[in-house]
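Here's a quick briefing to read with the model open beside you. Take the topics in any order once you're past the opening one.

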Amino acid sequence: EEAERLALAAIFGDELLECSAGFCRCRLAGTFTVTLSCPPGYPEQCKPAISLAAEQQPKSVVQRCQQELIEFLKQAPVGLQCFEVISCAAEVVERQVGSDNTASVPTVDSSDATSELIVCHIDHMRHARLYEDTLAGLGREAGLRLRLLRCDAGGLIFLLGLGAAGQVSHFVRLMHTRKLDVSRRGERCKERMLEVLLRQPCPDPAPVAVERLFAAEFSVHTDQSAGQVREQFAALQVEVGQGVRCCSVVVVWGVVWCVC
């Protein structure tokens with residue numbers, strides 16, 4: 001469905017080679033390609049089928065990765081989504097390639113080191129303190145500097161981030177696969193409503209105004225007025241205006257999102 005396609009695109013970016021109804025293909029570690037086929041009834045009644053291929057890698061490494069992923073799918077519960085399977089595949093490939101001394105070194109795209117800005121919309125936080133602590137941990141794990149804005153009008157929550165392109169991709173993957181909040185029953189749960197509004201290259205070195213925003217590794221700013229949000233978004237060349245029916249309209253380089 002569209003929500004899953006958007007999640008895959010946000011997490012894997014240009015590494016997502018193809019994504020259509022019941023099928024997706026993604027590049028991993030430069031030389032691996034993982035393909036998922038989703039039979040009728042996915043994800044409520046069945047799991048996706050997985051296949052793995054690789055160029056310039058020993059067959060033994062590919063076979064070990066494939067076998068580990070097949071075992072993972074056997075043990076995983078029904079309801080598993082494609083982005084979770086591909087995220088697991090990325091971890092398996094990284095581990096198996098790193099443990100094999102004969103494996104060739106995958107080509108590293110220099111664009112992974114390019115600085116990027118990311119702007120996300122978070123629908124809500126049921127347990128704000130837990131969510132914020134988890135965010136701080138994920139930011140440290142991914143090597144990303146984060147700024148959380150909680151608005152006093154409309155309950156809007158924006159998350160701003162700055163880091164290398166590879167770090168941003170890793171962070172978005174963590175946001176979709178880690179348990180960040182609690183459910184109505186008080187159980188830890190994953191974030192299903194995250195919207196990535198913007199991923200854009202940032203000049204290196206970053207402008208002074210951007211560096212000021214991200215002076216801290218992780219910061220939380222509550223009760224933000226519309227004017228304060230506009231000022232901070234302006235530093236990122238982002239404009240925020242008020243739309244109808246209490247919607248926030250976010251305009252980034254000519255592209256408009258309505259976040260209700």
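In this predicted model, five strands build an open sheet with mixed pairing, and the order across it is 10-5-7-6-11. The edges belong to strand 10 (195–201) and strand 11 (218–224); each has a single partner strand, so one side of each goes without a neighbour in the sheet. On average, neighbouring strands here are turned by 15° against each other, direction ignored.

**The sheet and the helix across it**

- Strand 5 (residues 115–122) pairs with strand 10 in the antiparallel sense, over six bridges.
- To find your place in that pairing, look for His121, which stands opposite Glu195 in strand 10.
- Asp223 counts as exposed because its relative accessibility is 59%, and the cut-off for exposed is over 50%.

**Helix 4 against helix 5**

- The axes of helix 4 and helix 5 (residues 165–177) come within 9 Å and cross at roughly 145°.
- That crossing of helix 4 and helix 5 is right-handed.
- On the helix 4 side, the contact is made by Tyr131, Leu135, Leu138, Gly139, Glu141 and Ala142.
- Helix 5 brings Gln167, His170, Phe171, Leu174 and Met175 to the contact.

**Salt bridges**

- The structure holds nine salt bridges, and three of them are picked out here, starting with Lys190 and Glu84, whose closest N and O atoms are 2.2 Å apart.
- Lys190 sits in strand 9 (residues 188–190) and Glu84 in helix 3 (residues 82–99), so this pair ties together parts that are 106 residues apart in sequence.
- Which end of that pair is buried? Glu84 is, with a relative accessible area of 8%, whereas Lys190 counts as partly exposed at 25% relative accessibility.
- Arg129 and Asp133 make another salt bridge, with 3.5 Å between the closest N and O atoms.
- Both Arg129 and Asp133 lie in helix 4, four residues apart, or about one turn of the helix.
- Arg129 counts as exposed at 57% relative accessibility, while Asp133 counts as partly exposed at 44%.
- Arg150 and Glu132 also meet through their side chains in a salt bridge, at 3.4 Å from N to O.
- Here the ends are in strand 6 (Arg150) and helix 4 (Glu132), so the pair ties together parts that are 18 residues apart in sequence.
- Glu132 counts as buried at 13% relative accessibility, and Arg150 counts as partly exposed at 24%.

**Helix 7**

- Which residues of helix 7 (residues 226–235) are buried? They are Val229, Gln232 and Phe233.
- Seen down the axis of helix 7, these buried residues fall within an arc of 100°, so they line one face of the helix.
- Just after helix 7 comes Gln237, with a positive phi of about 65°.

**The hairpin**

- Strand 1 (residues 16–20) and strand 2 (residues 23–28) pair in the antiparallel sense over four bridges.
- Cys19 has Cys24 in strand 2 as its bridge partner.
- Strand 1 and strand 2 form a hairpin with two residues between them.
- In the turn, Gly22 has a positive phi of about 80°.

**A cis peptide bond**

- Where's the cis bond? The peptide bond from Tyr42 to Pro43 is cis, with omega near -5°.
- Pro43 has its place in the loop between strand 3 (32–37) and strand 4 (49–54).

Notes: Residues are numbered from 1 along each chain as its sequence is written. This is a predicted model: local features need pLDDT of at least 70, side-chain atom pairs count only at pLDDT 80 or more; totals for chains, interfaces and linings use all residues. Side-chain values use heavy atoms; hydrogens and water are left out. Two strands pair if DSSP finds at least two bridges between them. Axes are lines fitted to C-alpha atoms, for helices over the stretch in contact, and angles run from 0 to 180 degrees between N-to-C directions. A salt bridge is a side-chain nitrogen of Lys or Arg within 4 Å of a carboxyl oxygen of Asp or Glu. Buried means under 20% relative accessible area, exposed over 50%, partly exposed in between (1.4 Å probe, protein chains only). The arc is that of the directions from the helix axis to the C-beta atoms. A crossing is left-handed if the near helix is turned anticlockwise from the far one by less than a right angle, and right-handed if clockwise. Contact means heavy atoms within 4.5 Å.
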